[in-house]
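Please read them with the model open beside you.

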Amino acid sequence: MNRYLCEKAQKLIPYTPGEQPKDKRYVKLNTNENPYPPSEKVLSVMKQCIDGDLKLYPDPDSSDLLEKAAEYYHVKKENVFAGNGSDEILSLAFMAFYQEKEVLFPKISYSFYPVYCNLYNVKSTLVPMINLNVDSNKFFNRNKGIVIANPNAPTGEYLSLDVIEKMAETNEGQVVLIDEAYIDFGGESAIRLIDRYENLLIVQTFSKSRSLAGLRLGLAFGSKKLIEGLNTVKNSFNSYPIDRITQRAAYVSFEEEEYFKQVCHRIMKTREEVTAKLERLDFVVLPSKANFIFAGCSIISGKELYTALKERGVLVRYFNLPDISNYVRITIGTDDEMNKLVNAIENILGY
Ligand SMILES: *Cc1c(COP(=O)(O)O)cnc(C)c1O
């Protein structure tokens, strides 16, 4: 116990991110980063920024970036919000919309949601899965806050826009938050529904599909009311969250559509190829629309597979939870990295 902590802080259970070890160079397939770099043009405007005005504060409103994002997604600027990583936006959203209320989310989902519930005194109801799928029916007509990662993590399951729309429609008056961290790997964004549903908030990130995890940028899309709500809490906390370099890099990233699409397609193609290979090795691989797969094998536990892979220089993520103890989550890397993974698995299983 730490006697300096206030009572509330003593009770916090912080999120544990995937490991970022420094002891040697791993084939790093554990935190869903993009294996490909941002485009040359994005990198060059970042360098220009460094030579420019870093001594000055950035635009507190990220005005140019918000305008660009609005144009890209065919919404208005007043419908867009920028945060320091989508994790910050999630945190602000829980603070603004869910404190002292009740929120539903799938039992197996992003493990940061329960952490925010704990921090902001939100009652959480974990909805049981059906064969590791989201039981969507349990999210209709609940009159509660709803938080859904779509595609879901760590399972990769994608829910269609009809399902998302019904959640927004039947929980009117409560915020339905869709965390689209992985939407660019084969799903269709629900951003186009925000005009019709004032309670629908979409959160996206530049960390996965846009190869900029190191910068920390997330965007949220929603009705004017929801975006105003986020700005109110943001400006009560830290009004300068997005640095200059990030504002510029993200702006240009939206102009590099060709490169962006290429990277996403490359990852989706690799995903399907490695899925087929693992299925041939008797793995169950859940259908994924994300830049990772969730794969399990009946003859080795997730923890054992994780450990054996780490010994062979390949990092994946396992979750010590009853329903998924046989699974590991594997980020889609380059083809070369995935070949190393498959070779290591063959070696471990004695093929
Ligand atoms: C990676 C991830 C995030 C966090 O993204 P950042 O923008 O890097 O903070 C949020 N939600 C889910 C489901 C994720 O997997």
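1. Which side chain does a polar contact of 3.1 Å join to that of Lys68? The partner is Glu255, where a polar contact is a pair of N or O atoms within 3.5 Å, within protein one able to donate a hydrogen and the other to accept it, and residues adjacent in sequence count only if both atoms are side-chain atoms.

2. This is a predicted model, in which local features need pLDDT of at least 70 and side-chain atom pairs count only at pLDDT 80 or more, while totals for chains, interfaces and linings use all residues. Residues are numbered from 1 along each chain as its sequence is written, and side-chain values use heavy atoms, with hydrogens and water left out.

3. Lys68 belongs to helix 3 (residues 63-73), helices (H or I, at least four residues) and strands (E, at least two) being DSSP runs numbered from the N terminus. Lys68 counts as buried because its relative accessibility is 10%, the cut-off being under 20% relative accessible area with a 1.4 Å probe and protein chains only. Leaving aside residues up to four places away in sequence, Lys68 touches Tyr251, Phe254 and Glu255, contact meaning heavy atoms within 4.5 Å.

4. Seven strands form an open sheet with mixed pairing and the order 2-8-7-6-5-3-4, two strands being paired if DSSP finds at least two bridges between them. Strand 2 (80-83) and strand 4 (123-127) are the edge strands, each pairing on one side only.

5. Strand 5 (residues 145-149) pairs with strand 6 (residues 176-179) in the parallel sense over four bridges, and Ile146 has Val176 of strand 6 as its bridge partner.

Conventions
Buried means under 20% relative accessible area, exposed over 50%, partly exposed in between (1.4 Å probe, protein chains only).
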